[in-house]
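Subject: Structure for you to look at

Hello,

Here is the structure I said I would pass on. Please open it first, then read my notes below.

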Amino acid sequence: MWARFVLIGIQLFGKTFSNVWKETGKRAAQRGVTDHAPSANITIKESYQILGLTPDKVTSENIAKQFNYLYNANEKGGSVYLQAKVANAKARLDKAIVKDELIR
């Protein structure tokens, strides 16, 4: 009987912790889109690779399209780490477009 209560308690704790962890990761990834500081650690070439773009295909529209596709595809049961990488790649390329730093 007590073992069952303990098991239910552990399951509840695990689900709650998992949900909190996912939500925290989503918020961190979303902040990465608006905060350009994390993008300083990623290169333009790496950003191309993460978003699946080639230098001749880099436009604001293509960046947004690839970002939305990859971010949303990874949203359900995916990796917070990958979402953050995708968000940082988008931020880095957006910053590069503004500063005219793109590698062609």
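Where is Gly77 found? Gly77 sits in the loop between α3 and α4. More on that loop below.

First, the ground rules. This is a predicted model, where local features need pLDDT of at least 70 and side-chain atom pairs count only at pLDDT 80 or more, while totals for chains, interfaces and linings use all residues. Residues are numbered from 1 along each chain as its sequence is written, and side-chain values use heavy atoms, with hydrogens and water left out.

**The overall picture**

The protein has 4 helices and 0 strands. Helices are DSSP runs of H or I with at least four residues, strands are runs of E with at least two, and both are numbered from the N terminus. Along the sequence the pattern reads α-α-α-α. The protein has 104 residues, and 25% of them are buried. Buried means under 20% relative accessible area, exposed means over 50%, and partly exposed is in between (1.4 Å probe, protein chains only).

Contacts come next. A contact means heavy atoms within 4.5 Å. Take the contacts between residues at least 6 apart in sequence: 73% of them join residues at least 24 apart.

**Helix α2**

Helix α2 covers residues 44-51, and its buried residues are Ile44, Ser47, Tyr48 and Leu51. Seen down the axis of α2, these buried residues fall within an arc of 105 degrees, so they line one face of the helix. The arc is taken from the directions from the helix axis to the C-beta atoms. Lys45 and Gln49 are exposed, on the face of α2 turned away from the buried side.

What do the buried residues of α2 pack against? They pack against α3 (60-73) and α4 (80-99). Gly52 follows α2, and its phi is positive, near 70 degrees.

Two packed helices are described by the angle between their axes and the distance between the axes. Axes are lines fitted to C-alpha atoms, for helices over the stretch in contact, and angles run from 0 to 180 degrees between N-to-C directions.

The axes of α2 and α4 come within 9 Å and cross at roughly 125 degrees. That makes α2 oblique to α4. The cut-offs are these: under 35 degrees is roughly parallel, over 145 is roughly antiparallel, 65 to 115 is roughly perpendicular, and the rest is oblique.

On the α2 side, the contact is made by Ile44, Glu46, Ser47, Tyr48, Ile50 and Leu51. On the α4 side, Lys85, Val86, Ala89, Lys90, Arg92, Leu93 and Ala96 take part. By class, the residues of this contact divide into 8 nonpolar, 1 polar and 4 charged. Here Ala, Val, Leu, Ile, Met, Phe, Trp, Tyr, Cys and Pro count as nonpolar, Asp, Glu, Lys and Arg as charged, and the others, Gly among them, as polar.

**How α3 meets α4**

The axes of α3 and α4 are 10 Å apart, and the two helices pack at an angle of about 175 degrees. That makes α3 roughly antiparallel to α4. From α3 come Ser60, Ile63, Ala64, Phe67, Leu70 and Tyr71. They meet Gln83, Val86, Ala87, Lys90, Leu93, Asp94 and Ile97 in α4. This contact has 9 nonpolar, 2 polar and 2 charged residues.

Leaving out residues up to four places away in sequence, Lys90 touches Leu51, Ile63, Ala64 and Phe67.

Phe67 lies in helix α3. Phe67 counts as buried, at 10% relative accessibility. Phe67 and Lys90 are 23 residues apart in sequence, and their C-alpha atoms are 6.5 Å apart in space.

Gly77 is exposed, with a relative accessible area of 67%. Gly77 and Lys22 are 55 residues apart in sequence, yet 8.8 Å apart in space, C-alpha to C-alpha.

Ser79 is also in the loop between α3 and α4. Ser79 is partly exposed, at 27% relative accessibility.

Tyr81 lies in helix α4. Tyr81 is exposed, at 57% relative accessible area. The C-alpha atoms of Tyr81 and Gly25 are separated by 7.8 Å, and the two residues are 56 apart along the chain.

Best wishes
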